[in-house]
Amino acid sequence: MYEELKELEKKFEVKDFPLNIGIEITNHCNLNCIMCNNNKLTRPRGYMNVKLYKKIIDEIAEKNRNTRIWLDFYGEALVVRYKLYYMIDYAKKRGLTNICMNTNATLMNNEMAEMLLDSGLDFISIDCDGYSTEVYEKIRIGAKRDIVYNNIEYILKRKKERGLKYPIIEVKAMEMEENKNEIEQIISYWRERGAWTTLRRLITWGGSVKSITHTNIEDRIACGSGLGICIITWDGKVPTCVSDVDLENCMGDINVESISEVWKRRNKNFVKKHMEHRWDELPRICQNCTDWSIVGEKRFDENGNPINKNYSHETKMLVSE
């Protein structure tokens, strides 16, 4: 179940190096989903160059190889195609143990699936927000339901045939009014095929998606997204947090600074205010944001056993009960 907010806040710790790092290898996306504002971005579009990527990975390898890296932020990772294999391979060769990615799976044909299984990827989260064609394609505008389902089924089947433990493959559904009557079908369908399954609630992306609202947002807590993850955009900038998709605030530039330098300064000037509940001193995007109220997910393994997120810097991201 979703974690109780007050109990969740007790787990937060301020560290000199981030627990999670989101590396935006591109902010291009091939879809136009109803709960996302990617098509309305005003910051430049582009692809992360290899030199910057290697700088990021090299520092992570030096500081903490167990840091969870996510090879995406506000774009679709598979848009970069086979360059992704090199990026995963480089991180693996540098000793990183928690290499993760999210994808909408529209570009994950059989060949791409084999590449991902070969790459050394540790965890892949695949978005699937509908069971029927009508509901799925209403939410994931530009995607074809049957193509995506076939793509997911193929990678699950091939992982089993090859006897692979990793990557862990989860199928994730975002809970919303449009799919509320299909959630159980989505979960049972993919669990029967060997996937982990996860439910998440919608975020507003810092208030940028006006159609999404949150209720019961009294008794504010420090924001888990603000504390726990360092986002690096394709051109090396560090935004406020995972909800600052249009880089309203730039906390640093990894082209000319280290992750550690930016993170420590961010802890001092931003995170400390969160932890001390000094809400009035936070940036504008935090003042108007309610995404702190829906941190967390309901995640289960292929057998339906609950999976808890691990908040330790020293081990794998997810642990089963």
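Q: How much space lies in the second largest cavity?
A: About 90 Å³ of space lies in the second largest cavity. A cavity is a set of 1 Å grid points, over the protein atoms alone, where a 1.4 Å probe fits but cannot get out; the volume is the space filled by probe spheres on points joined across faces, edges and corners. The model is predicted, with pLDDT of at least 70 needed for local features and 80 or more for side-chain atom pairs, while totals for chains, interfaces and linings use all residues. Residues are numbered from 1 along each chain, and side-chain values use heavy atoms, without hydrogens and water.

Q: Which residues line the second largest cavity?
A: Its lining residues (an atom within 4 Å of a point) include Cys-223, Cys-241, Cys-286 and Cys-289. Phe-270, His-274 and Trp-292 are also among them.

Q: Which helices each supply at least two residues of that lining?
A: They are helix H9 (259–275) and helix H10 (284–287). Helices (H or I, at least four residues) and strands (E, at least two) are DSSP runs, numbered from the N terminus.

Q: How many cavities of 30 Å³ or more does a search of the whole structure find?
A: The search finds two.

Q: And how much space lies in the largest pocket?
A: The largest pocket holds about 360 Å³. A pocket is an open set with protein on both sides within 12 Å along at least five of seven lines.

Q: Which residues are closest to its centre?
A: Of the 14 lining residues, Lys-159, Lys-160, Arg-193, Gly-194 and Glu-302 are the closest to the centre of the largest pocket.

Q: Which element gives the largest share of the lining?
A: H6 does, with five residues. Helix H6 (145–161) and strand E5 (168–175) are the elements that give two or more residues to the lining of the largest pocket.
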